[in-house]
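Me: I've got a model open and want to go through how its parts pack. Can we take it piece by piece?

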Amino acid sequence: MEQKNLVIVESPAKAKTIKKYLGKNFEVLASYGHVRDLVPKEGAVDPKRKFAMRYQILDKNEKHVQAIARALKKSDALYLATDPDREGEAISWHLTELLKEQGVLDGKDVHRVVFYEITKNAIREAIGQPRDISQDLVNAQQARRALDYLVGFNLSPLLWKKAGLPGASAGRVQSPALRMICEREEEILNFKPREYWTIDADAEKSKQTFPARLIEFRGDKVEQFTVTNEAQANDVRQAIEDAARGKLSVANIDKKQRRRNPAPPFTTSTLQQEAARKLGFGAQRTMRLAQQLYEGVDFGEGAVGLITYMRTDSLNLAAEAVAEIRQVIGNLYGADAVPESPRTYKTKSKNAQEAHEAIRPTSASVTPERLQGKIDNDQFKLYSLIWKRAVASQMEAAVYDTVAVDLVPGTSAKREGSTAVLRANGSTLVKPGYIAVYKEGQDDAAEDDNDRILPAMEVGDEVTLLALRGEQHFTEPPPRFSEASLVKALEEHGIGRPSTYASIISTLVNKKYTELVNRRFVPTDLGKIVNKFLTRNFHHYVEYGFTAKMEDDLDEIADGREAWVPVLERFWTEFKERVDVVDETVTREDVSEARELGSDPVTGKPISVRYGKYGPFVQMGTKDDEEKPKFASLKPTQRMDTITLAEALELFTLPRTLGQMDDGHSIRVAIGRFGPYIQYGAKKFVSIKDDDPYTIELPRALELIKAKEEADAHRIILDFPDAGIQVLNGRYGPYITDKVKNAKIPKDREPRTLTLDECKELLAAAPERGKGRFGRFAKKTAAPAAQAAEASSAKPIKAAAKSKSTPAKTAKAPASATAKKAASKAGSKAAAGTAVRAAAKSAAKKTSAKTAGKPAAKPK
């Protein structure tokens, strides 16, 4: 009887590709990524029990584990073919642990197989050379997970407590990356530009004009700050013109031939950098597309893995791959483009996995032209980039003829003793080599791709001086990090590993610690607050060197040279002591980053800007005043470290009364929890989307009100005001609502003919919001009154302020969502539900007490 084998990979796409390379005796299933993780609550890692870790199966993958268990019962052997890195090794280990618990591994052969490309030969070779699960790699991954957990579960609650920032988090690797971005922003903010001038000439020889630049003046080398103002520039220019009298002489000619070698094939880091520069792809997008190319893409021949494994820091290429690339180069670009011997590259990273390969096409013969129009356009762009880089890395150098011509004023060709020396540079590409295929991009530097050819000149030749001009320049601050330059900086500092760069970047953006403005990272006020808290109180742990040392320790564990528990013990002893000290000594006031802006010209009260539970805000007055302070949140475009007194005072001008309606109701503009709005009746509101609430005037407000009423007229089908019931046109068709429940209307019923009793009957049978069709789109807030409390016109910002150091609740999450998030952090679904219900009930009571007699309608 033939043996039945079960192969496990991580994704269904990979399973589909691999299945066709194996015979009928192999079943291939996917684990869908990680199958277990730490329980999401305190105590998941226990330092007192040698860092024992408590795991639980992931809900979303439980059905996939059960499918694997059922298939294994019918199989004789299990082949674990998850990704060839620590994460992949850990997934294989976790899966076997779960299968052992279920008793389905008894009597089964278990093999670990790894491959770096999904091709028939690679798959079959891997199946034929199985090994055991590497406990060293598993321990390295467990140590990383434990470290991240211990940092997150101790620093994050401190941020909530000391900075009043629920939902904020601090990570072992993300925090040094945030520090990097914030330090760059400080450099930019503190930068003082310096003036400097360059002296440039336009010259002509044989009817060809060319530029030259001053490099020496009166025997001294011209540096960047040799000429620092216009008067100096004019003096230098006049002296050269007086000496030249319209002529320059050739004093020296330096001709060289320069060779430029190609860049090595891609690693994870360099692929992300080049995809950002050349294609405008973010790190996550690049990795998602690379994963698809690795796992298999169908371009008419069935699913085929097009590139090798995309998480690598190695620059090696397999000998067979190099031989094929060299053959393809010869066929496409000629024998002259192929160097005598293959090029080899050595990575600078001391912990690089040299046994792995760089990222390359699985077959260089699959040129981009063969795929054009047959695969997704983004996949095609990334594959083309990888193919060109790999092929170019094995090509001949590009050869340039370069020439530097030194010119002196006047008709004398002697450089010594002349008033000045100007230099003209030129170059000519004489042998394109690898540039025929690929040229590496650069960060934050302009590239001149054009060759400059100078006219033929000999020493002693005279050249006509057409013009001499001084050009003013100012030094510029260092540029903000792009995704490409941030990944490069992380790699240079040893922060993170190939598999983590994309997640570091996404975390910084998703947590709202940074924003991408013109594809550059700008730290938010929240990011700056978190960074200052960490650098002041946990400086050692956000140092670049410390984070890099931890990565080295993890690599030592993976290589079997270090045990994982002692590494964690060394870290934990010092770290826990520091956490306890900060908990006891640091106050919330220390973290708020309060800054005095000046005084209110009317009341004389101090105006300050600070950070609170709901974001950055300005405050008028102090907590010691007899009258409570006033608060106002900053505009989205304003920043704590740049806001001025005048800008702060403007924030206190809301709510504003613009005029009156014909029925006598005031027209007022204000900001509530849903943003800026206009109130034009006891319960009538219209949202302001494109206008500035601080400058909008009555005519524009009336336009918005008219547009809102016209929209409402089309939206309301029936209105039973005494019963609080309406029949409305909604996004998904007509429906009935009483603001508590939404009810469907039978398809065979005309909405306009419904009676009040029929509407009540349908509402009674409808599920509560959140449980029916409309629940997905309903606001998960505590109660209708709580939902609309801050749409009130009566000083919504001040009314919303809950403490002496807390701004408007314009940024507050609904009570239920906040409670749910907190309870989830604590780790229990039951607790989450209880917290939600308790918070909802409490919020409803508080809101109804606060807003008695106030409108309860969300502005629209």
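Me: Which residue in S22 is the bridge partner of Arg610?

Reply: Phe617 is the bridge partner of Arg610 in S22. A caution on the source: this is a predicted model, where local features need pLDDT of at least 70, side-chain atom pairs count only at pLDDT 80 or more, and totals for chains, interfaces and linings use all residues. Residues are numbered from 1 along each chain as its sequence is written, and side-chain values use heavy atoms, with hydrogens and water left out.

Me: How many bridges join S21 to S22?

Reply: Six. Strand S21 covers residues 606–612, strand S22 covers residues 615–620, and the two run antiparallel. On terms: helices (H or I, at least four residues) and strands (E, at least two) are DSSP runs, numbered from the N terminus. Two strands pair if DSSP finds at least two bridges between them.

Me: What sheet are they in, and in what order do the strands come?

Reply: An open sheet of four strands, ordered S20-S21-S22-S23, with antiparallel pairing. Strand S20 (595–599) and strand S23 (630–633) are the edge strands, and each pairs on one side only. The twist averages 25° from one strand to the next. Angles here run from 0 to 180 degrees between N-to-C directions, and axes are lines fitted to C-alpha atoms, for helices over the stretch in contact.

Me: Now the sheet with S28. What is the strand order there?

Reply: S28-S29-S30-S31. That sheet is open, has four strands and pairs antiparallel. Strand S28 (716–720) and strand S31 (742–744) stand at the edges with a single partner strand each, so one side of each has no neighbour in the sheet. Neighbouring strands are turned by 25° against each other on average, direction ignored.

Me: How many bridges between S28 and S29?

Reply: Four, in the antiparallel sense, with S29 spanning residues 725–730. Phe720 stands opposite Ile725 in S29.

Me: Which helix touches S28, S29 and strand S30?

Reply: Helix H20 (residues 698–715) packs on the sheet and touches S28, S29 and strand S30 (733–737). The direction of H20 makes about 85° with that of S28. Helix H21 (residues 756–765) also packs on this sheet, touching S28, S29, S30 and S31. The direction of H21 makes about 75° with that of S29. Contact means heavy atoms within 4.5 Å.

Me: Helices next. How do H6 and H14 cross?

Reply: The axes of helix H6 (residues 174–190) and helix H14 (residues 501–510) come within 10 Å and cross at roughly 65°. That makes H6 roughly perpendicular to H14. The cut-offs: under 35 degrees is roughly parallel, over 145 roughly antiparallel, 65 to 115 roughly perpendicular, and the rest oblique.

Me: What's the handedness of H6 passing H14?

Reply: Right-handed. A crossing is left-handed if the near helix is turned anticlockwise from the far one by less than a right angle, and right-handed if clockwise. H6 brings Gln174, Ala177, Leu178 and Ile181 to the contact, and H14 brings Ile504, Thr507 and Leu508. By class, that contact has five nonpolar, two polar and no charged residues. Ala, Val, Leu, Ile, Met, Phe, Trp, Tyr, Cys and Pro count as nonpolar, Asp, Glu, Lys and Arg as charged, and the others, Gly among them, as polar.

Me: And how does H9 cross H14?

Reply: At roughly 140°, with the axes of helix H9 (residues 283–295) and H14 coming within 8 Å. That makes H9 oblique to H14. The crossing of H9 and H14 is left-handed. Ala283, Gln284 and Met287 of H9 meet Ala502, Ile505 and Ser506 of H14. The classes are four nonpolar, two polar and no charged.

Me: What about H5 and H16?

Reply: The axes of helix H5 (residues 135–162) and helix H16 (residues 544–558) come within 7 Å and cross at roughly 150°. H5 and H16 are therefore roughly antiparallel. The contact of H5 with H16 has eight nonpolar, one polar and three charged residues.
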